[in-house]
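Here are my notes on the model you sent.

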Amino acid sequence: MSETAPGDAPHPSHFADTFDVYEVESTADAVRYYGEPRSDHESVVRAVAPLFRDRGYTVSMEHELGEYALVARERSVGIDGFPTTNVILFLATVLTTLFAGSQWYGIDTLSHPARIVEAWPFTVAVLGVLGVHELGHYVASRYHDVQASLPYFLPLPTLLGTMGAVIRMNDTLPDRKSLFDIGVAGPLAGLGATVIVTAVGVTLPPVEVGAFPIQLGYPPLIQLIAAALGEQLVYADASLMANPVVVGGWVGAFVTFLNLLPVGQLDGGHIVRAMFGRAHGTIQRLVPAALFGLGAYLYAFGDGQSVSLWVVWGFLTLFFARMGSAEPLDDSALGASRLAIGGLTLLLGVLSFTPVPLVLT
């Protein structure tokens, strides 16, 4: 150990008024500055992060064996090595969505396992809208030189076959502009894919599935697309259902609405934090109350449909709010153009909302 930093890592004297360093340790994966913080941890990290970022490092505060350490790791916005985990999860999600799609198409995969591949349009639709959403975040992250992973798809053997997809950011955000652009890019890209998938789906012939146990509640956005093309979403013959490709559009709208809830690390939380600064704390406190209120209303006046969904999301938003939101290093306000784009995006989120997304028949 020494009191000097290796290579181009910042010298301890550059931030001595924020963190009093007494030892520096350099390892293969990080540089650790052991010392005593001169204020609370969040303030220390925010104060030193621009210096480390300019030198090509991310920095965090850790408490190791009774000692405080600023841990600096080299930043890399590229992909290091082959993304094995991403590929495995993607292939697993292809399988689970094929299985889910076979149910929407009424395919008996138990008797004819090979027919599962006939559900490929459903898989392409669902993974398409989810993938485009996450790639929107990824491209915006690369544009602003922020570290981000490739999308991780989450397989789940349900009627949708997936819990969605996420990317992981492990970096500081330089300003509100980057926070806004990264937050808004996913929903806007996903909505573009949703419009295309829905437009294709409603023009395809319906499928005959008999007494299917689920009906979708279509949000205004999906209904407007179908109406604009003069196509149906619901059929008088109860044995007919809109083509399962439409389910991909429904997934896109539903995921967009949930992601645009203005709470914590959700896309809506990033957008509202960038638009309104620290006033977003007041806004996000209203979200759980609104979701619990919606659940109570549906319990009293909506035959109990979707009550558990909104109650669960009420608790989730409480949890997300407690986790905190992203804090940009430069907290300067956004310009008028970004504020207008943010308002439009949140409005599109409202059009993606329906109080009863799924109806058990």
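1. Start with Trp310. In this predicted model, its contacts beyond four places in sequence include Phe254, Phe257 and Leu258. Leu291, Leu294, Gly295 and Leu298 also touch Trp310. So do Phe353, Thr354, Pro355 and Pro357.

2. Trp310 belongs to the largest nonpolar core, which has 49 residues. Trp310 is among the residues with the most contacts inside that core, together with Tyr218, Leu261 and Trp313. Several elements each supply at least two residues of this core: helices H2 (84–104), H3 (120–143), H4 (176–203), H5 (220–228), H6 (245–259), H8 (280–301) and H9 (307–323), plus strand E8 (214–216). The largest share is from H6, with 9 residues. In soluble globular proteins, nonpolar side chains tend to be buried together.

3. A second core is separate and has 17 residues. Val24, Val48, Ala49 and Phe52 are among them.

4. Still, H1 bends by about 40° at Val48. After H1 comes Gly56, with a positive phi near 90°.

5. Now the domains. Domain 1 covers 12–74 and domain 2 covers 84–360. How far apart are the centres of domain 1 and domain 2? They are separated by 38 Å, taken over C-alpha atoms. Between them, 7 residues of domain 1 are in contact with 12 residues of domain 2.

6. Last, the whole chain. The protein chain has 361 residues, and 48% of them count as buried. It holds 10 helices and 10 strands. Along the principal axes, its C-alpha atoms fill a box of roughly 75 × 45 × 35 Å. The accessible surface comes to about 17300 Å², and carbon and sulfur atoms account for 63% of that. Of the contacts between residues at least 6 apart in sequence, 68% join residues at least 24 apart.

Definitions and conventions:
Residues are numbered from 1 along each chain as its sequence is written. This is a predicted model: local features need pLDDT of at least 70, side-chain atom pairs count only at pLDDT 80 or more; totals for chains, interfaces and linings use all residues. Side-chain values use heavy atoms; hydrogens and water are left out. The bend at a residue is the angle between axes fitted to the seven residues ending there and the seven starting there. Helices (H or I, at least four residues) and strands (E, at least two) are DSSP runs, numbered from the N terminus. A nonpolar core is a set of buried Ala, Val, Leu, Ile, Met, Phe, Trp, Tyr and Cys residues joined through side-chain atoms within 4.5 Å. Buried means under 20% relative accessible area, exposed over 50%, partly exposed in between (1.4 Å probe, protein chains only). Contact means heavy atoms within 4.5 Å. Accessible areas come from the Shrake-Rupley method with a 1.4 Å probe; for residues, only the protein chains shown count as cover. Domain bounds come from an automatic or database domain assignment.
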